[in-house]
Amino acid sequence: MSGTVLVTGGAGYIGSHCVVSLLEAGFEVVALDNFSNSVNTAKNESVALKRVEEITGKKVTFYKCDLLNEGEVEEIFKNHVIDSVIHFAAVKAVGESMIKPLSYYKNNMIGMINLLEIMKKYNVFKLVFSSSCTVYGEPEKLPITEDCFTGKNITNVYGRTKFFIEEMLRDISVAESNWKIISLRYFNPVGAHQSGRIGEDPTKEFANIMPYLSHVALGKKRELTIFGNDYDTPDGTGVRDYIHVMDLADGHVAALQKLTTMENCIKFYNLGTGRGVSVMELVKTFERVNNVQVPYRIEARRLGDISVMYADPTLARTELGWSARFTIDEMCRDFWKWQTMNPQGYRSEIINGHH
């Protein structure tokens, strides 16, 4: 496979891991990011993407750019012949989305609209969209299949922005027959690249469990807060479908390959392992695999949290030829390797680089 892929949000957690898989699969990558969720150097370079270049031995063309600035985005399409787009760029903290709904709608919705208009202007009609299992809301059945109802009981603003964008993409693909769109509904991405060179480095207060867990294990935080132990689950804690970020990255390569052969339309795929893991099981696995202690305390459930969610990944397996390979043990081990090699995340490089 070859061709040039524009990756929006390419310096972020999932974006940077995806760029590794794309480069290894033979694609040329042009990436953009506005650094709202990722770390940049004084020269506005992405630390993560520099490391991606070291891992793969290949070059990434990078632009500091915000999708809300149409002029900047259009410049990229003028400078490169783009074949397809993978769209990650979004603000993504569930809790924050409830406090700042307007900024979430503005960033996620208008950013997407700007991108689609410019793609259309430059005759680029192949898109892989980074969606989320949050579009299903409180699931009507388990495991969750792609034909489950979306949009009904979505419990947060972040999830609604993903749902509205999916609806928008549906409408476009009906009205304009030249689009080929795949929307990937991720379950819970965790882990890090096996090299330990790139990983999740939240720039805001932790929204995700794995960085939080490992900061407690490092002794930077006193304890992990587990929200709710009275759910209707085997140990009372919430159950999620955790997926290794490199499996997720490979799912995007599979989706791009599918775009070249599929009819002009829109398709939706779940990316998950199909196995639910409780928060308590994750904590115990992390402790066992990495030989560390993670003290925790239980608090009341959070507003908007769902008790059990896990995917039925059959459709991705049959139509994309993709399935998750990594176990929960490997997810915990790879993340801890990243965290111990980079206790300050990417900032350590910037701090050390300025001595």
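Figure 1. Seven strands, in the order 3-2-1-4-5-6-11, form an open sheet with parallel pairing. Strands are DSSP runs of E with at least two residues, helices are runs of H or I with at least four residues, and both are numbered from the N terminus; two strands pair if DSSP finds at least two bridges between them. The edges are strand 3 and strand 11 (266–271), each of which pairs on one side only. From one strand to the next, the twist averages 20°. This is a predicted model, in which local features need pLDDT of at least 70 and side-chain atom pairs count only at pLDDT 80 or more, while totals for chains, interfaces and linings use all residues. Residues are numbered from 1 along each chain as its sequence is written, and side-chain values use heavy atoms, with hydrogens and water left out.

**Figure 2. Strands 5 and 6, with helix 8.** Strand 5 (residues 126–132) pairs with strand 6 (residues 180–186) in the parallel sense over 7 bridges. Lys126 stands opposite Lys180 in strand 6. Helix 8 (residues 245–261) packs on the sheet and touches strand 1, strand 4, strand 5, strand 6 and strand 11. The direction of helix 8 makes about 160° with that of strand 6; axes are lines fitted to C-alpha atoms, for helices over the stretch in contact (heavy atoms within 4.5 Å), and angles run from 0 to 180 degrees between N-to-C directions.

**Figure 3. Helix 3 and its buried face.** Helix 3 (residues 70–79) has the buried residues Val73, Glu74, Ile76 and Phe77. Seen down the helix axis, the buried residues fall within an arc of 150°, so they line one face of helix 3; the arc is that of the directions from the axis to the C-beta atoms. Buried means under 20% relative accessible area, exposed over 50%, and partly exposed in between (1.4 Å probe, protein chains only). The cover over these residues includes strand 1 (4–8), strand 2 (28–33), strand 3 (61–64), strand 4 (84–87) and helix 5 (101–121). Helix 3 lies across strands 1, 2, 3 and 4 and runs at about 160° to strand 3.

**Figure 4. The surroundings of Glu223.** Glu223 is in the loop between helix 7 (209–217) and strand 8 (224–227). Glu223 is buried, with a relative accessible area of 18%. Its side chain makes a polar contact of 2.4 Å with that of Arg297; such a contact is a pair of N or O atoms within 3.5 Å, where within protein one must be able to donate a hydrogen and the other to accept it, and residues adjacent in sequence count only if both atoms are side-chain atoms.
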